Amino acid sequence: MQEETARSAIDTFISAFNASDDSSVTALLSQALTTDVVFWGPLGRSEGIAAVERFVLDIRRHPAGTGKMVRCSAVDMPDEWARYQWVFTTPDGGPRLAGTDVVHLRRSLIDQVIVFAGDIEPSAS
């Protein structure tokens with residue numbers, strides 16, 4: 001049951017990247033995130049749905065064209081933390097980026113997002 005709740009919030013969050021228009025992004029994020037969400041993204045730490053919305057809108061305006069974000073793994077959830085893998089692709093074989101997000105849930109909504117984009121380099125040993 002808990003994983004199902006997390007999966008629903010995560011999939012709603014991801015759907016904001018794929019919304020039919022920019023005006024739908026805020027509504028989708030509001031269904032998935034707490035108002036005080038803490039977002040650890042590629043550019044550092046930010047807070048609130050408006051900050052996450054700016055990030056999502058920037059991704060939606062990718063120079064290579066509107067891309068598609070998909071969850072490409074199961075949701076792994078030990079207690080109130082969950083992780084999943086995602087992939088973002090742009091049209092016509094454009095740039096592709098993959099990563100792993102770790103999220104914390106509070107009362108069925110995501111209150112923290114940590115974005116790990118790209119692959120981890122193998123250890124030098």
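## The second largest pocket

The second largest pocket has a volume of about 210 Å³, a volume being the space filled by probe spheres set on grid points joined across faces, edges and corners. A pocket here is an open set of points on a 1 Å grid over the protein atoms alone, where a 1.4 Å probe fits, with protein on both sides within 12 Å along at least five of seven lines; lining residues have an atom within 4 Å of a point. This is a predicted model, in which local features need pLDDT of at least 70 and side-chain atom pairs count only at pLDDT 80 or more, while totals for chains, interfaces and linings use all residues. Residues are numbered from 1 along each chain as its sequence is written, and side-chain values use heavy atoms, without hydrogens and water.

Strand 1 (33-41), strand 2 (44-47) and helix 3 each supply at least two residues of this lining, and helix 3 gives the most, with five residues. Among the lining residues are Phe 39, Arg 45, Arg 54 and Asp 58.

## The largest pocket

The largest pocket has a volume of about 250 Å³. Its lining comprises 17 residues, of which Phe 55, Ile 59, Met 69, Trp 86 and Leu 97 lie nearest the centre. Helix 1, helix 3 (49-60), strand 4 (81-89), strand 5 (96-106) and strand 6 (109-117) are the elements that give two or more residues to this lining.

How values were computed. Helix = DSSP H or I, 4+ residues; strand = E, 2+ residues; numbered from the N terminus.
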